Amino acid sequence: MKRVPTYGIMAEFASAQDLVNAARQTHEAGYRKIDAFSPFPVEELADAIGFHKNNVPLVTLIGAIVGGLSGYLMQYWMAVISYPVNVGGRPYHSWPSFIVITFELTILFGGISAVFGMLALNGLPMPYHPVFNVPRFVLASKDRFFLIVFASDPKYDANGTRQFMEGLHARSISEVPG
Amino acid sequence: MQIFPRSTNAISRASLFGPVFVAAALFWGLVQLQRSPYITYAGVRKSQPVPFSHQHHVTGLGIDCRYCHTSVEQSSFAGIPPTKTCMNCHSQIWTNAAMLEPVRASYRTGQSIQWTRVNQLPDFVYFSHNIHVTKGVGCNDCHGPVDQMPLMYQQASLQMEWCLNCHRAPQDVLRPRDQVFNMRYQQPTASRPVQIDGMSYTDQDSLGSALVKKYQLRSVQDITSCSTCHR
Amino acid sequence: MADHRDEVGVANEAANEVASQRSPVIEPGHTFATITDKISSIVLTRPTSLGWVVGFGAGFLVTMMLLYALAYLFVKGTGIWGINIPIGWAFAIVNFVWWIGIGHAGTLISAILLLLRQSWRNSINRFAEAMTLFAVACAGIFPLVHTGRPWLAYWLFPYPNTMNYWPQFRSPLLWDVFAVSTYFTISLLFWFIGLIPDLATLRDRAENKYARISYGLLAMGWRGSARHWARYETAYLLLAGLATPLVLSVHTVVSFDFAIAIVPGWHTTIFPPYFVAGAIYSGFAMVLMLAIPIRKIYGLEDFITDRHLQNSAKVMLATGWIVAYGYGIEAFMGWYGGNRYDQTLLWNRLHGPYAGLYYMLLACNIFIPQLLWIRKMRTNPVWLFLISFVILVGMWLERFVIIVISLSRDFLTSSWGMYYPTRWDWMTFFGTIGMFLTAMFLFVRILPMISIFEMRTLLPEAEVKPE
Amino acid sequence: MENTKSKREDVCPSKRIDRAAVEQQLKETKGPEYWRSLEELAGSPEFQDMLHREFPKGASEWLDSVSRRGFLQLMGASLAMAGMTGCTKLPLQEIVPYVRQPEQVIPGVAMYYATAFTLSGYANPLLVESHLGRPTKIEGNNLHPASLGGTDVFAQASILGMYDPDRSQAITHLGDVASWSEFVNQIKGPLAVQKALGGAGIRILTQTISSPTLKDQMQAFLAMYPKAKWHVYEPVNRDNVLEGAKLAFGEVLETRYDLSNADVIVSLDADFLAAGFPGNVRYIRDFAKKRNPDAEMSRLYVVESNPSSTGAKADHRLPLRAVEIEHFARALASAIGVNGGAMDSGNTAKFIKAVVGDLQKHKGSSVIIAGDHQPPAVHALAHAMNAALGNVGRTVVYAEPVDANPVNQTESLRDLVSDMRAGNVDLLVMLGGNPVYDAPADLGFNDCLKNSKVALRIYHGLYENETAELCHWNINEAHYLEAWSDGRAYDGTVSIVQPLIAPLYAGKSAHEMLSALVGLPDASGYDLLRAYWQKQHTGAEFEEWWRKTLNDGFIEGSAYTRKTVSLKLQSLPAASAVDADGLEVNMRRDPSIYDGQFANNGWLQELPKPMSKLTWDNAVLIGPKMADREGIKTMDVVALELGGRLGARKITGPVWIQAGHPDHSVTVHLGYGRRKAGRAGTGTGFDAYALRTTNALWIATGGKLTKTGDQYQLASTQGYQTMDTGDGETRPLVRETTLEEYRKDPKFAQVDEPPAALTLYPGFDYKKSPDAWGMSIDLNSCVGCNNCIIACQSENNIAVVGKEQVVKGRHMHWIRVDAYYEGDRDAPKAYFQPVPCMQCENAPCELVCPVGATVHSSEGLNDMVYNRCVGTRYCSNNCPYKVRRFNFLLFQDWETPQYKLMRNPDVSVRSRGVMEKCSYCVQRVTEHRINAEIAAVGENREFKIEDGSLQTACQQSCPADAIVFGNINDPNSRVARLKAQDRNYALLADLNTRPRTTYLAEIRNPNPELET
């Protein structure tokens, strides 16, 4: 049997509060390549593990602008440039009538880029992930809270880190095979 | 517990974003098919009861279009020659060529020859040969180099976008009326100017706009109105 | 979950409030585990209950009837319906508007109430959104099949074509195409990303291998990472922000179908607001008609409490009054505006051949719902169910009154006419209801009908002390 | 019409094209392609045996049942997909040229031939459009004094009659198909026998005949068989007129009127503006001319029983029961100073006083017209009064009778029947007609023929109808568009009936029949005709004269000259006493299907009747008073009984409450309840002939009306016949005032016209285009004759939808004639308003079409692009005039080959799911524009479409000249000048749709004495 490299060390906690505290300490202890898992969003957590850069709004904004522009320009081109036709005596460029579709396309593109942007930034879909190798991790989607320090962290060393984490009053500690 | 093998990640991503590209490709394919000869028949040589060669009759014998297509100047329909027209000559020459038997048979029995239609428009499109000929649109502008077609085929796609090309910019194709039936007509250049009304034109732009006036072409808005072709 | 602290506040209040009059959004005594087990077990238990099979079967049969009616429609043409000149639109469009209206509650609850931080929405938004999707799907059928040549409906989309000819962007019908398809897409995305964490839960709890795999694939490998949650929350919030103007726009655009036209009874500026209000009105009625039996059958009283019923009832009462105001203004303007056509229209509604329906409409949408002032009515599921039904009928009648009565008598008396529905009209209408129920049954069986992770946040344990 | 005239051909157009080609076509080409490709081959005149194969006897029923021909509609749908969409693949087409192309024939260019349509002996001169030998459209002959370009509905619709697939398509003997030669041989024997007897056993029964040639042949026949007898019978006969003339002058005379100088017209139950009244087309033209309020305007008094379109145009209409009208006439006569055996005029005294006053003021420029169904005495009185007023020779003209055999037709038929009963008849030849169905009930012609001793019965007619059933031989007649003949118009002018196409089913004309009887079976109609006229027109230049005659369509100067007559009026027969409460029953010819001979004509069946707008049925018309008294509602089924010598005769039918119908009187229309008419006509309505007896052909008294308690669905095309909206409002749809008021306030009609600058939008500049099309409809001229509806239907390939669909409100007429009533339901004012597409400049329909299938052309036409339409019906909802029509089902008949031949190749045939509407005949606009452009470029001059040269279908054959179409950019065009008039107003102008079609308001000229 071949020895699999370690992906990181994972600690399990009983409550969101414990996790947040632990995460904070770990971060303060200088660990940077860490992550925390909770069955529901815990706002403090991101901050605790030092995650601040969130690009989803930007992506969405770009999508919305693109949608709106393409919506109006498409209508303008088709009704005024490509094939101008006299419809009920209205001007070719009946801008008030063009607003609705412009609006709808803004929303559509914005929404789509929000969702797919979020997925992409999160690197989803990712059905396989090392953390799933930890048997108790199934509880992460129920009522348990987990903290992981990745082996790739410069400060990481198998024993030292394990000891450090034991100091966090974790309910259990397990090594995550990569 | 781990449900999926590592490989699933790549696959799942592909399956999430892949369909977008597949759909796009499919759409592009349809757009191409729409314009393909399979749909339009453009360039397709349809089988005919008699392998009539326009090349031979026009280039070889120098017969004018109007000798057979008699009503092209008076009617929307250019006219398909009656068997009689063929027999005018073929009662003298090639009198027993096998390939002409259907013609002779038709003449004998009074049964029409049934040609396969080459240039066909949908029924809701009303095209008039006479007006186009009158306004200086040449035969080969639409029908292509008929004088070089051993077997007749449809040159253009005859789709609406193709019609609109000229209807939106007629000056690009117009030629003097006396040149309409000239299959070898070429647009004017500095070396080959075209004369009308004593004026000499060395490029299509000037000639075209002159003819638009001379032949009183209606405005683009007029000739791109729906009822120009659809009724 | 816009702001966690606020959630906590709500949760506390909820917990402390058991004694007090106001019933909580979640009954006390629940933990993360119990919530998770309760909701996910509904989906994961085998075998399927007989009741479900029967209900689903019934819905399925009616759906088949719909397909039959539509097949016949394609063979013969729209002439199998009762429509004519002058009444070119009838059931098809009535049903379309009705369904679209119903489809408004879902997004409203999940988006607007989210922005308004109404935490009680957490337990009803999931199936409300599902309801929205199915309702919009039902609605979507009609604009397509009501055309004389449905096989050419793709001409409504601006695709590069060999005719070099484009859709006519001044037509409200074209706006519909964009509005409805956008609405459906956004609602679908909103619903789906809401599902992701719960799908992960199901993935991790499913016994059955295939269930595990399929939920797993749908969950896309969600693992509840803090980073993911952060981005997820932002996206969810942004989507809510986008969906809010969208949901308001959709019925506004639908109302343009009429408001832009010159037909007396259609050509009025009051339409957009009161169409939207009416939409929410009927939407909540449908939510209640689904929520009440569901919570009974699956014993979800702990999560869908009387508080939810009450709040929904209050929303209906409010929107009901907006609708009533709409009717009032319509009538007032008809009289006050001094336009001879509008005056005749008003008279025709009150005394014309369809007057009966107009009075029924007033009863269903204005008078009967006033029972909701009574607290007993708001808390009594049975009464609430019945009133919701009445409201749904009323809202259908409203569309019938607007569309058919207005068309039946417009400008030239010589071309006045009558409309009588044929059996094909009815089959298509009821058929879509069957389709809707079928979809609903499938949904409650294979997906969590209440958002598990959002319920978790309502618990006091979810609280995290700030620094 | 100049250029149409020049286009006329003066040769016989019956072309010979090989049948194989046509059959090939029919086999290989599907639906929509067919008639286009046919365009490029040749309208084959002769494919009767093929048609036989295509037509098993008793083909499918009419369009009524939705479930009809399911597979076909599937096919239609698929065709629609193949044929009507832009980007689907076209099926391969054959193209089949002539073998020898006839001269003059230019494929794609229409030709016009002059001919005439004969109804009850009176010829209506026509000009027929032909595409490659297929007649497609009927116009009036503008050179002919009796037409001046106008036609009536029967003439317009007769083209459908020719293509009717239910026509009898072969000679049959005892039901088996036989040949002409067989027939000729078989009758040799009997004729030989008769020859010996001098023809004592021969009887020939014809309808009213005015054909000089036929008369000549008939005389030749009677010379050959001196003892043979010629009987004449038509259900809609003019016996009363004939007897009236005898009474007044002691001789038989034709009475014609010259309304062009009639300032006061009094109609005694005469519906002289309606199709079927001899000369109505010309009368309408003259009448309309005199209704111009800006010139000397005439005044019309109508005293009538059943409300008619003539009554609707009256300045004063007095509803009286038909039986009371004789009394009225006598009173009127006495007041004028003619001995009418004065009766107490009772409540009509005031009316009479006013009328007489008016008449006295207009001696010589007034006219009194009596209705055909009024008793001879009334006619005699009318003659006497016209004489007394000095109208004779001015407004009333007497001449030779047009009828070639002017006998009392009722008596003539009575004689025939008694002869048949007595067994004096061995050989009975019936040339047309349908006596078994329409003979007076008391004659019992039916059973008399069934079990008569007549050894040999020969029927020659267009249909295998009820009469043909009971005959041994059934010779299929050639339609007038298929055969040579001639006939006289109401003024006696001889028209030449020129065929447009060789007989579809090798039918024989009456001329050929007769010549067969005199032993010349092979003589062609053309030779017979030519021979006859050669005899008449001796002289060298005959050829030239003949060509001219064929070209013009009539023989110049052949009108009967005026006769100076002297009144020999002896004492009138005493008038029958009127029982005040007795129920009178009026039996009238139907305004749509006449006497029943047009029962199988879908266009006419679906043509809304002028006053009630009923289609597909006749009804028992009663007045509102009576309805209220008896508690009867519209569509209640009643039993109508008449006592009589032969015991009670009874019919049951649905009631229609007709505003303006007098009390104690009911009107039923003849021609319905056909047993054997064809897929369209069989079984529609009820047979009113059952009530008819020889002594009361038109008016019977002592009727009895009882409710049966049943209901019957009637199909009316008009929702409401009033402009009142129920809430006390009245909409100013038809704008009308009196002459006085008009003179005071000429612009009275132009209220609520919005200012041009009202809109925020700049609006399009149509001046840039050389032409901007517009239409003006003069409500003062329009007499509601419906001719425009059929003309449009024929020109634009408009489908017939059937009763069930009409009930649902899905009729397809592009132009409709709305009829409105106003005021007292028992004596209402009535208005007509033709409504085509208004071609609004701010078209509401265009704005809402999602695919841009209806948009504006640069000339201001509201184009409807069928092939782009997806059928949302939004445009129709948003059309305030509701002039758009939708193909809810597959209404077009794709499979009947005859209809394919009939269709106008210049107009798309619309399939299921497509919106359609009036296009201002854009096909004509385009044709004229192209011709004008070619001419302009050819002759190097300014492009211009001559005003008046381009006419829409509705305008071209409008007898009243009420519709004018033209270029509103040209201030001198007729339409522009009309639109500049004060009377001009736009319908629903307050909506600011800026219609291109506008109306000239209606002006009445009431007698101040009668204004209360």
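# Questions on a predicted model

Guide: In this predicted model, D:Asp358 and D:Arg299 join their side chains in a salt bridge, at 2.6 Å from N to O.

Visitor: How many residues apart in sequence are the parts that D:Asp358 and D:Arg299 tie together?
Guide: D:Asp358 belongs to helix H13 (residues 349-361) of chain D. D:Arg299 belongs to strand S11 (residues 299-304) of chain D. The pair therefore ties together parts whose separation in sequence is 59 residues.

Visitor: Is D:Arg299 buried or exposed?
Guide: The cut-off for buried is under 20% relative accessible area. D:Arg299 has a relative accessible area of 12%, so D:Arg299 is buried.

Visitor: Which elements of chain D are tied together by D:Asp419 and D:Arg203?
Guide: D:Asp419 and D:Arg203 form a salt bridge, with the closest N and O atoms 2.9 Å apart. The two residues are 216 residues apart in sequence, D:Asp419 in residues 409-422 and D:Arg203 in residues 202-206, so the pair ties together helix H15 and strand S7.

Visitor: Are D:Asp419 and D:Arg203 buried or exposed?
Guide: Buried residues have under 20% relative accessible area. Both D:Asp419 and D:Arg203 fall in this class, that is, buried.

Visitor: How many residues apart in sequence are the parts tied together by D:Lys535 and D:Asp216?
Guide: A salt bridge joins the side chains of D:Lys535 and D:Asp216 at 3.2 Å, N to O. D:Lys535 is in helix H20 (residues 525-536) of chain D, and D:Asp216 is in helix H8 (residues 212-224) of chain D. The parts tied together are therefore 319 residues apart.

Visitor: What is the relative accessible area of D:Asp216?
Guide: Partly exposed residues lie between the 20% limit for buried and the 50% limit for exposed. D:Asp216 is partly exposed, with a value of 25%.

Visitor: How many salt bridges are found over all chains?
Guide: Side chains of opposite charge can pair when their charged atoms come close. In chain A, a network of salt bridges links A:Glu12, A:Arg136, A:Asp143, A:Arg144 and A:Arg171. Over all chains, the search of the whole structure gives a count of 76.

Visitor: Which side chain of opposite charge is nearest to C:Arg456?
Guide: C:Arg456 sits in helix H17 (residues 452-456) of chain C. A salt bridge needs a nitrogen and a carboxyl oxygen within 4 Å. C:Arg456 is buried and has no salt bridge; at 5.2 Å, the nearest side chain of opposite charge is C:Asp198.

Visitor: Which backbone oxygen does the side chain of C:Arg456 reach at 2.6 Å?
Guide: Apart from neighbours within four places in sequence, C:Arg456 has contacts that include A:Phe40, A:Lys142, C:Phe32 and C:Thr201. Its side chain reaches the backbone oxygen of A:Pro39 at 2.7 Å. At 2.6 Å, the side chain of C:Arg456 reaches the backbone oxygen of A:Ser141.

Visitor: What is the radius of gyration of chain C?
Guide: Chain C contains 17 helices and zero strands. For 467 residues the globule rule gives 23 Å, and chain C is close to that, so chain C is as compact as a globular protein of that length, with a radius of gyration of 23 Å.

Visitor: What share of the residues in chain C is buried?
Guide: Along the principal axes, the C-alpha atoms of chain C fill a box of roughly 75 × 55 × 45 Å. Among contacts in chain C with a separation of 6 or more, 82% are between residues 24 or more positions apart. Of the 467 residues in chain C, the buried share is 66%.

Visitor: What is the radius of gyration of chain A?
Guide: Chain A has five helices and four strands, in the order β-α-β-α-α-α-β-α-β along the sequence. The globule rule gives 16 Å for 178 residues; chain A is well over this, so chain A is more spread out than a compact globule, with a radius of gyration of 25 Å.

Visitor: Where is D:His811 placed in chain D?
Guide: D:His811 counts as buried at 10% relative accessibility. Not counting residues up to four places away in sequence, D:His811 touches D:Thr717, D:Val801, D:Gln805, D:Val806 and D:Arg885. Its place is in the loop between helix H26 (803-808) and strand S30 (816-822).

Notes
Residues numbered from 1 in each chain as written. Chains lettered and ligands numbered in written order. Predicted model: local features only at pLDDT ≥ 70, side-chain atom pairs only at ≥ 80, totals over all residues. Heavy atoms only, no water. Buried < 20%, exposed > 50% of the residue type's maximum accessible area, 1.4 Å probe, protein only. Lys, Arg positive; Asp, Glu negative; His and termini not counted. Polar contact = N/O pair within 3.5 Å; in protein donor to acceptor, adjacent residues only side chain to side chain. Contact = heavy atoms within 4.5 Å. Rg over C-alpha atoms; globule rule 2.2 N^0.38 Å.
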